[in-house]
Amino acid sequence: MKKLTRREFGAAAASGLAAAAIGTKRADAQAYGSQALIEAAKKEGRMVYYTADFTEPEQEVIKAFNKRFPFVKVELVRAPGGQLITRIKTEAAAGKLTADAVNHSDRGLMLGIADLFQEYKPPNAADYRDDVLVAPQLWPKSTLGWSIAYNTELEKNPPKSWMDLCKPEYGPRKIGQVIAPSGGTTWTRIMFERQVLGEDYWAKQAKTQPVLYPSGAPTADAMVRGEISVAVVLYNIAYIKKRDGAPVEINFPTDGVPLNYYAAGVTKTAANPNAAKLFLNWCMSEEGQEFQIKELGYLTALKNPPFNPPGYDPKVIKPWAPNFEQYVKLRDQWVEEWNKTYGYRQ
Amino acid sequence: MTAETAALVAPREGARRIPFGWLWSAALLLILTFLVIYPVSMLVLGALTNTNPVVDGLSVYDLSLKNFITVLGNPNVHYALANSLIACGGGTALAVIIGLTFSWVVVRTNTPCKRFIAAVSMIPLFVPPLVAAVAWSILASPKTGLLNMIIKWAGIDFRFDVYTMGGLIAIFGIYYAPYVYMFTASALRNMDPALEEAAEVSGASAVRILFTITFPLIAPAILSGMLLSFIVMLGIYGIPAVLGAPADIPVLTTYIFKLTNWSPPLYSTAASVAIILMIVTGFLVFLQQKVVSGRSYITVAGKAFRPGVMKLGPSRYFTLGLAVVYLLVVVVLPTLALIVAAFRKFLFIRDVNSLFDMKAYSLIHFERLFDNPLAMRSIWNTMEVGLITAIFGGILAFAIGYTVHRTRATGRRSIDVISTLPVAIPGLVVGVAYLWAWIGLPGGLYGTIWILALAFIARFMPDTIKALSTSLLQIHRELEEASWICGKGLLGTIRTIVLPLARPGVIAAMTLLFILAIRELGSSLFLYTSNTMVMAVLLLDYYEGGNVGITSAFSLVQTLLLAVLIGIAHFLSRGGTDTSVGRAG
């Protein structure tokens with residue numbers, strides 16, 4: 001596994017020592033917070049972290065954070081988006097919110113409970129794009145981008161663009177798609193498809209009779225196993241498979257990459273606010289973002305990305321983020337229309 | 001009817017009036033209100049008000065049937081309901097064929113290795129539905145299933161496809177047959193053989209006797225098993241989620257799960273769908289109770305008889321073969337599939353040769369699993385919560401079972417009905433009902449193992465009481481009466497007579513509760529916290545994370561733990577009277 005990673009990211013490995021040195025320098029320069037914050041976090045010694053992201057990548061993030069700050073034990077609670085919001089709201093209403101920090105894939109839902117979060121700003125706040133912030137206390141800890149992944153053993157002429165996915169040669173039942181109502185990330189993608197690729201894109205794509213999956217993870221898994229040969233999935237989901245040696249390649253579509261930004265914050269009722277801030281500070285730092293990009297296949301909302309995944313050149317591939325007002329307003333009606341077009345019964 | 005039978009048929013006549021009976025009943029009813037009525041009321045309130053009762057308060061003035069009307073008018077709900085009925089109906093039919101066949105083979109034939117067959121017939125009960133479905137998707141998915149790969153290699157032009165309604169029915173049927181087996185095996189064991197003997201003397205063939213005498217005589221037991229397996233299937237999420245999703249076959253449980261995951265989550269709608277499911281299930285439970293209360297004592301009445309064993313001749317090896325095939329289908333093949341998936345780095349298998357390419361295998365999934373501190377903690381938490389549930393749930397079930405079946409305590413009928421109610425509540429929604437109900441309670445219950453244990457005790461109370469009642473009913477009342485005559489009080493009689501005799505039944509019921517608690521997912525989803533993560537939730541996390549390798553590795557660990565625990569329980573329950581669910585199995 002590690003060999004492949006190194007091969008894949010030879011340049012990064014070559015600059016490993018330099019990166020470590022830079023890291024140390026940054027740490028000295030209080031890139032992760034003041035010395036007082038670090039001491040206070042050390043005193044707390046633990047924090048509870050709620051996330052809608054998957055357990056495995058989050059565990060890797062925690063492990064990497066603990067390499068720099070071994071004295072903070074991060075306790076993870078992972079739940080799918082809708083369930084996580086219900087839990088947070090109910091716990092908060094009962095005065096028993098146990099989360100110190102929350103990371104959620106749906107900025108719209110997080111905006112609805114923004115008053116549960118305290119004032120928080122990472123030390124490098126100015127390095128982040130302003131247009132992706134929905135509330136001053138919520139920050140894009142994770143950024144995910146859509147991609148087209150394929151099984152290299154089965155697909156010798158892979159699709160390179162979204163429009164390619166409408167070609168009859170990729171049907172029937174060769175392409176795996178995630179259903180529109182699965183959550184904020186998929187809603188971002190179908191919004192992009194309709195607004196950028198054309199009003200009739202869904203109808204054209206649906207003609208190839210794709211296999212519909214409830215979320216990205218089983219779609220990528222089906223592609224690795226050979227149930228389907230092409231999977232429209234978030235880059236990070238397919239990337240981990242590739243990193244582990246599965247016969248997978250991933251293309252960022254040439255006609256645009258819809259991006260989804262998470263929202264993360266520290267709760268007002270946090271029992272361990274300093275540990276929570278230190279953890280988020282590290283995740284938001286250049287080192288944290290670089291780790292998530294290199295090891296886990298995430299992207300970033302930093303104005304100047306410390307690293308770009310292979311094939312991802314923001315100047316060429318046209319990253320796309322939704323207009324947040326439309327993101328909230330159009331959702332129900334468009335998802336319903338998507339369901340009808342793809343014959344999906346919700 | 002013999003005197004012995006009469007005593008059992010009319011248990012109330014000899015039943016004991018317990019001192020301060022009303023106080024005892026009130027205490028039990030209070031516990032049941034806390035465990036069952038209160039959370040269910042929260043669920044109904046959620047469905048009627050479109051609110052989260054904890055967040056928005058009890059705004060009872062906004063009560064409306066809007067959610068129900070919306071749900072009932074939604075063609076997708078009709079479609080999911082129709083799919084549920086077809087899948088569970090078909091699954092039940094298959095479960096009856098399998099369960100009845102094995103109960104007949106074990107009890108009424110001279111097939112060799114009957115203890116082995118009896119054990120095999122109960123194994124599927126211990127396999128978590130999600131694990132069974134994942135294993136079968138690895139085995140029989142149309143394009144890449146291991147079985148399909150092997151038969152393709154053998155040049156056979158046939159393919160299994162488990163992602164179909166037929167696949168769902170088959171998996172439901174084979175994994176829920178034990179419910180039919182449990183009922184029919186004990187009925188066959190205790191039935192009066194006089195009519196069979198008369199038919200035999202009159203020259204009827206064995207097959208004719210079976211279909212015209214034996215099965216009609218145990219029809220209530222068959223119907224009971226059928227209804228119970230149907231009810232359990234209706235509430236299962238793991239199997240339709242894994243096998244139904246790729247073919248877009250929604251059922252009510254997967255539909256409910258989707259509603260809870262929608263952004264924003266539609267819990268009130270989910271609660272409405274759940275209440276519709278509860279009404280369907282409640283009606284079936286009522287039917288089952290009717291069937292059981294009408295004729296169940298007849299099976300116990302036959303205890304004095306020893307039903308004849310049919311000598312099968314050489315075909316007894318055929319019946320043994322059926323059991324071996326069943327074992328292969330429910331245990332061996334799925335376990336092999338899980339082993340392949342757990343040890344292979346990734347699950348793309350080009351052909352049969354690459355299946356045996358040892359370079360493709362490694363321990364990486366196990367290393368990653370145990371590298372995650374949550375894995376060990378979830379195992380420990382699960383054992384702890386399982387043990388607490390088994391002990392306290394067992395005690396409560398014994399108290400309820402004894403009160404309902406052996407005393408004339410006031411309100412015992414209400415106690416019986418309320419304690420049966422949880423059977424009808426789907427696990428996925430009851431989790432949020434427990435959260436709504438119990439999070440606001442003063443004290444530090446939320447965030448502890450105890451809140452999970454309480455949910456499991458409530459949820460599996462009907463199963464535990466059923467398992468216990470079987471053994472309680474089989475202890476003759478004369479023994480208790482003798483104890484009373486000798487001057488022992490109620491508690492003394494229970495301690496010296498009932499408990500020792502019912503020991504295997506009590507241990508079997510506690511084991512069942514322990515296993516059900518370990519498997520339980522739905523009610524854990526909202527109640528676990530960072531410190532109380534349990535195995536079932538972590539397994540779902542891994543499954544949802546799309547890593548079949550680590551999911552399979554964790555499934556194997558869970559299966560191994562269950563096997564060890566069942567072995568220990570079996571060892572502990574040895575040496576008692578042979579009357580229990582264990583015996584039924």
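This is a predicted model: local features need pLDDT of at least 70, side-chain atom pairs count only at pLDDT 80 or more; totals for chains, interfaces and linings use all residues.
In chain B, α20(B) and α21(B) meet through a handful of side chains: B:Ile400, B:Thr403 and B:Val404 on α20(B), and B:Arg412, B:Ile415, B:Asp416 and B:Ser419 on α21(B). Elsewhere, 52 residues of chain A are in contact with 45 residues of chain B, and chain A itself is divided into two domains, domain 1 and domain 2.

**Helix pair in chain B**
- The axes of α20 (residues 373-406) and α21 (residues 412-420) of chain B come within 9 Å and cross at roughly 135°.
- That angle is why α20(B) counts as oblique to α21(B).
- As for handedness, α20(B) passes α21(B) in a left-handed crossing.

**Where chain A touches chain B**
- On the chain A side, the elements giving two or more residues are α5 (55-68), β2 (73-78), α6 (81-93), β6 (211-213), α10 (216-225) and α11 (235-243).
- The largest share comes from α6(A), with ten residues.
- By class, the chain A side splits into 22 nonpolar, 15 polar and 15 charged residues.

**Domains of chain A**
- Domain 1 covers 2-142 + 262-296, while domain 2 covers 144-259 + 313-341.
- Their C-alpha centres lie 27 Å apart.
- Each domain of chain A puts 13 residues into the contact between them.
- On the domain 1 side, α1 (2-8) and α7 (107-112) of chain A are the elements that give two or more residues.
- That domain 1 side has six nonpolar, five polar and two charged residues.

Terms used: Residues are numbered from 1 along each chain as its sequence is written. Chains are lettered from A and ligands numbered from 1 in the order in which they are written. Two residues are in contact if their C-beta atoms, placed from the backbone, lie within 7 Å. Helices (H or I, at least four residues) and strands (E, at least two) are DSSP runs, numbered from the N terminus. Ala, Val, Leu, Ile, Met, Phe, Trp, Tyr, Cys and Pro count as nonpolar, Asp, Glu, Lys and Arg as charged, and the others, Gly among them, as polar. Domain bounds come from an automatic or database domain assignment. Axes are lines fitted to C-alpha atoms, for helices over the stretch in contact, and angles run from 0 to 180 degrees between N-to-C directions. Angles under 35 degrees count as roughly parallel, over 145 as roughly antiparallel, 65 to 115 as roughly perpendicular and the rest as oblique. A crossing is left-handed if the near helix is turned anticlockwise from the far one by less than a right angle, and right-handed if clockwise.
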